[in-house]
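Biologist: Got the model open and I'd like to go through it with you. Can we start with one of the strands?

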Amino acid sequence: MLAACAWRLSQRAVTFLPRVRPQILNPFPMAAGAGATSPKRLRVYSSAAGDADSSNGAGNGRRVGTHNGSFHCDEALGCFLIRLTSQFAGADVVRTRDSQILDSLEAVLDVGGVYDPSRHRYDHHQKGFNEVFGHGFNTKLSSAGLVYKHFGKEIIAKELQLNEEHEDVHRVYLAIYKSFVEALDAIDNGINQYDTEQTPKYVNNTHLSSRVGRLNPDWTDPDQSPEKENAAFQKAMALAGSEFMESVRFHVKSWLPARSIVMECLLSRGNVDPSGEIMVLDRFCPWKLHLFELEQELKTDPLTKYVLYEDERSKGWRVQAVSVAPDRFESRKALPEKWRGMRDDELSKETGIPGCVFIHMSGFIGGNKTYEGALEMARAALKC
């Protein structure tokens with residue numbers, strides 16, 4: 001009885017007020033006075049023994065467990081993600097390593113030594129654990145990756161307002177893992193980004209995992225209480241979760257429509273030039289990553305060398321050389337070296353093409369006043 005009372009006294013509730021779209025249930029909803037229609041406070045608390053007390057109306061009676069002590073990005077994001085689901089919306093978060101308490105919880109992340117989705121156990125530290133996301137991804141999963149693997153489609157489908165089996169849900173599901181979640185899995189599991197023994201040329205302490213880690217109470221802080229730690233963990237959930245949702249909404253609002261545009265333009269490149277190596281964007285959009293992924297998916301041959309698009313500011317046209325990889329500066333076929341650095345009439349005289357504006361010194365991009373001129377520049381460059 002005394003232990004249970006002490007456990008209850010250790011609880012702490014904090015309300016967060018970020019803005020989200022209505023499709024996805026907000027894990028940090030506004031208080032009733034702020035206009036929420038169904039307020040549910042996020043409670044993060046620690047315990048030493050006993051059962052959770054949800055009699056104060058917070059949460060929905062369900063509890064999600066993770067470990068106390070120093071926290072990392074994976075369990076912060078994992079706790080955020082699982083509370084986006086219909087099953088665990090509004091659940092309390094209990095931070096403990098007490099196995100009896102963990103066994104009584106509806107879901108447990110990043111602690112307990114068990115991976116069993118049928119019981120909602122999502123730990124990755126146990127011997128013999130080698131679960132990966134699949135779909136061509138081979139990075140060992142963290143607790144965030146495990147939660148995303150099992151609940152990601154539900155979260156994406158809510159944002160897209162589509163059925164979980166819709167192909168666009170699947171595309172965004174894979175894209176979010178590739179661009180956001182996989183890095184967190186790798187960092188938490190100590191997997192280097194590159195297979196190299198070379199010393200890094202610079203230090204990067206600005207990525208999400210690093211920023212979440214800095215939210216842990218500083219060792220010099222005289223207040224090392226569970227309450228201080230739990231409040232910091234709530235901030236970590238909010239940080240990781242807000243960036244995850246920004247990524248989801250970017251992919252829904254921008255990435256997915258851009259992919260459709262690039263697909264259409266790639267498939268019609270044969271109408272631009274018989275070589276099939278020149279693509280024209282009829283509407284400008286972010287195209288580089290989509291082009292690489294679609295060429296691989298469609299097994300495009302030959303690969304695109306130049307992309308033409310209109311510059312909305314100058315109303316002229318750009319001809320851009322495609323790089324050898326999304327993260328590389330080298331081009332598959334840079335614009336001719338003898339053109340580089342030239343501008344206007346000098347460039348038009350050298351190329352024999354009217355309306356030339358410039359060629360960058362590196363040869364990765366050039367411009368012409370008209371579409372016809374940009375196309376002629378690309379065709380001439382293919383022959384050089």
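Predicted model: local features only at pLDDT ≥ 70, side-chain atom pairs only at ≥ 80, totals over all residues.

Biologist: OK. Which strands does strand 2 pair with?

Modeller: It runs parallel to strand 3 (residues 92-95), joined by four bridges, and parallel to strand 4 (residues 107-109), with two bridges. Pairing needs at least two DSSP bridges between the strands. Val-64 has a bridge partner in each: Val-93 in strand 3 and Ala-107 in strand 4.

Biologist: And what do strand 2, helix 2 and strand 3 make?

Modeller: A right-handed β-α-β unit, with residues 73-82 as helix 2. Right-handed means that, with the strands pointing away from the viewer, the path from the first strand over the helix to the second runs clockwise.

Biologist: Switching to the core. Which residues touch the most other members of the largest one?

Modeller: Leu-81, Ile-82, Tyr-148, Ile-176 and Phe-244, out of 53 residues in that nonpolar core. Helix 7 gives the most to this core, with 11 residues. A nonpolar core is a set of buried Ala, Val, Leu, Ile, Met, Phe, Trp, Tyr and Cys residues joined through side-chain atoms within 4.5 Å.

Biologist: What is Tyr-148 in contact with?

Modeller: Leaving aside neighbours within four places in sequence, Tyr-148 contacts residues including Leu-81, Phe-133, Ile-176 and Phe-244. Contact means heavy atoms within 4.5 Å.

Biologist: Now charges. How many salt bridges are there?

Modeller: The count comes to 22, a salt bridge being a side-chain nitrogen of Lys or Arg within 4 Å of a carboxyl oxygen of Asp or Glu. One of them joins Glu-131 and Lys-149, with the closest N and O atoms 2.5 Å apart. Glu-131 is in the loop between strand 6 and strand 7 and Lys-149 is in helix 4, so the pair ties together parts 18 residues apart in sequence.

Biologist: What about Glu-277 and Lys-305, buried or exposed?

Modeller: Glu-277 and Lys-305 are both buried. They form a salt bridge too, with the closest N and O atoms 2.6 Å apart. For a partly exposed residue, look at Glu-330, with a relative accessible area of 41%. Its salt bridge partner is Arg-328.

Biologist: Last one, helix 9. Which residues are buried there?

Modeller: Leu-347, Ser-348 and Thr-351, in a helix covering residues 344-351. They span an arc of only 100° around the axis, which puts them on the same side of helix 9. That arc is taken from the directions from the helix axis to the C-beta atoms.

Biologist: What's on the face turned away from that?

Modeller: Asp-345 and Lys-349, which are exposed. Strand 12 is among the things covering the buried residues of helix 9.

Notes:
Residues numbered from 1 in each chain as written. Heavy atoms only, no water. Buried < 20%, exposed > 50% of the residue type's maximum accessible area, 1.4 Å probe, protein only.
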